[in-house]
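This report goes through selected features of one protein model. Please keep the sequence and the coordinates open while reading.

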Amino acid sequence: MRFAVGYQLAGEDEEPFVNLVRDYRDHIAEVYFPWADQPSGRAALNKQRGYTDWTAQARQEEELRELRRMGVRLDVLFNANCYGRYAVSEYLECQVGSVLEHLGEIVGGVETVTTTSPAVARTVKKHFPEVEVRASVNMRIGTVKGMEYLAELFDGYHVQRDYNRDLAYLRELKEWADGAGKRLYMLANSGCMSFCSGQSFHDNMVAHEQEIDETHNIEGWTPHVCWAYLKNPEHWVSVLQNTWIRPEDIHHYEDLFPYVKLATRMHARPRAVVRAYVEGRHRGNLLDLCEPGYAPAFAPYVIDNEAFPADWFERTSTCDRRCHRCGYCQSVLETVLVKMEF
């Protein structure tokens with residue numbers, strides 16, 4: 001299995017991201033990244049609370065050149081959930097065009113643009129037809145109908161992660177995609193809650209993070225549905241019912257996807273995530289592999305990845321996902337949940 005990994009701009013005392021890619025080059029097919037000051041599905045690379053890191057773009061460009069020299073495919077993100085008043089504007093069209101033209105000058109262009117925006121997809125298709133346009137996982141495209149509606153704009157789709165564990169259904173989607181000349185991709189280690197009712201709200205907050213950071217917000221309230229929900233230990237079983245795939249089970253997807261995406265853009269230990277999936281095993285807390293991981297919500301408990309029962313994947317990849325009437329994951333939680341002594 002080969003992987004697409006999310007780029008991090010290293011701090012002064014941190015390991016450059018290219019070192020991680022170099023060490024696992026045979027297993028990393030693609031690096032996805034936002035442009036330094038562009039809104040995306042995560043915080044901007046070069047700005048925080050009004051402070052701009054003026055060296056960020058130069059450092060990012062040098063690392064992109066190094067990735068290109070290594071022969072790694074490049075995927076630039078325009079995946080903010082909201083572009084506000086610029087959503088369908090010529091301004092946004094020019095912004096996208098200027099970034100892609102500049103990437104053409106410094107690294108010979110990118111192979112892929114991943115976006116949440118049909119307007120961005122249309123712009124790339126019109127002006128850069130050689131670039132693959134891929135639908136972001138945040139578009140939650142999980143049906144043939146959903147893919148058909150946007151087939152003129154997109155060459156590939158990240159499958160709605162809520163179907164990650166339904167292998168039979170993924171094969172059905174792939175059959176349509178193969179027939180339509182499209183490609184499918186999967187995000188393997190998202191920690192997000194399955195079918196999260198707060199995703200749109202959360203993704204919009206991320207798109208407007210800089211404004212929200214500078215606003216006097218409601219005090220004493222947790223706006224993130226997942227973190228609020230997991231404050232109650234009775235809800236912890238939901239984490240087992242989410243969409244992540246254990247490294248030990250990732251080989252089941254070899255024939256479904258050209259490579260699998262790993263969420264590492266904001267992860268505190270991206271090297272540990274890549275190593276686990278490349279080696280197909282992980283010793284330790286399963287929560288440490290996911291983004292978000294919820295380890296603080298579970299502390300002092302951890303989820304022992306090596307304690308999962310042998311039938312875990314077979315059961316969870318063939319069940320009917322009617323979690324409200326099944327007790328299997330609850331029984332597994334009682335086995336894998338371990339209290340750490342400090």
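This is a predicted model: local features need pLDDT of at least 70, side-chain atom pairs count only at pLDDT 80 or more; totals for chains, interfaces and linings use all residues.

Residues are numbered from 1 along each chain as its sequence is written, and side-chain values use heavy atoms, with hydrogens and water left out.

Helices and strands are DSSP runs numbered from the N terminus (helices H or I, at least four residues; strands E, at least two). Buried means under 20% relative accessible area, exposed means over 50%, and partly exposed is in between, with a 1.4 Å probe and protein chains only.

Strands count as paired if DSSP finds at least two bridges between them. Strand β8 (residues 156-158) pairs with β9 in the parallel sense over 3 bridges. The bridge partner of H158 in β9 is Y185. Between β8 and β9 the chain passes through helix α6 (residues 167-180), and this β-α-β crossover is right-handed. Right-handed here means that, with the strands pointing away from the viewer, the path from the first strand over the helix to the second runs clockwise.

Strand β9 also pairs with strand β10 (residues 260-262), in the parallel sense and over 2 bridges. In β10, K261 stands opposite L187.

The loop between β8 and α6 contains Q160. With 11% relative accessibility, Q160 counts as buried. The Q160 side chain reaches the backbone nitrogen of G142 at 3.5 Å. A polar contact is a pair of N or O atoms within 3.5 Å; within protein, one must be able to donate a hydrogen and the other to accept it, and residues adjacent in sequence count only if both atoms are side-chain atoms.

**Backbone geometry**

Most residues other than glycine have a negative phi, and most peptide bonds are trans. Which residues depart from this? R140 has a positive phi of about 55° although it is not a glycine. R140 sits in the loop between β7 (132-135) and α5 (144-149), and its relative accessible area of 31% makes it partly exposed. R321 also has a positive phi, near 60°. The loop between α13 (312-316) and α14 (328-336) holds R321, which is partly exposed at a relative accessible area of 27%.

Two peptide bonds are cis. One joins E291 and P292, with omega about 0°; P292 lies in the loop between α11 (270-279) and α12 (295-298). Another joins A299 and P300, with omega about 10°; P300 lies in the loop between α12 and β11 (301-303).

**Salt bridges**

The structure holds 26 salt bridges. A salt bridge is a side-chain nitrogen of Lys or Arg within 4 Å of a carboxyl oxygen of Asp or Glu. The table lists some of them.

| Pair | N to O distance |
|---|---|
| R68 and E111 | 3.0 Å |
| R171 and D255 | 2.9 Å |
| E279 and R281 | 3.9 Å |

R68 and E111 meet in a salt bridge. R68 belongs to helix α2 (residues 56-69) and E111 to the loop between α3 (90-107) and β6 (112-115), so the pair ties together parts that are 43 residues apart in sequence. R68 is partly exposed at 22% relative accessibility, and E111 is partly exposed at 25%.

R171 forms a salt bridge with D255. R171 is in helix α6 and D255 in the loop between α10 (237-240) and β10, so this pair ties together parts that are 84 residues apart in sequence. Both ends are partly exposed, R171 with a relative accessible area of 38% and D255 at 47%.

In the bridge of E279 with R281, E279 is partly exposed at 43% relative accessibility and R281 at 41%. Elsewhere, R22, E61, E62, R65, E66 and R69 are linked in a network of salt bridges.

**A nonpolar surface patch**

F201, I218 and W221 make a nonpolar surface patch of about 370 Å². Patches are made of residues with over 30% relative accessible area and no salt bridge; like charges are joined within 9 Å, and nonpolar side chains (Val, Leu, Ile, Met, Phe, Trp, Tyr) within 5 Å. Accessible areas come from the Shrake-Rupley method with a 1.4 Å probe, and for residues only the protein chains shown count as cover. F201 is found in helix α7 (residues 199-207) and is partly exposed, with a relative accessible area of 43%.
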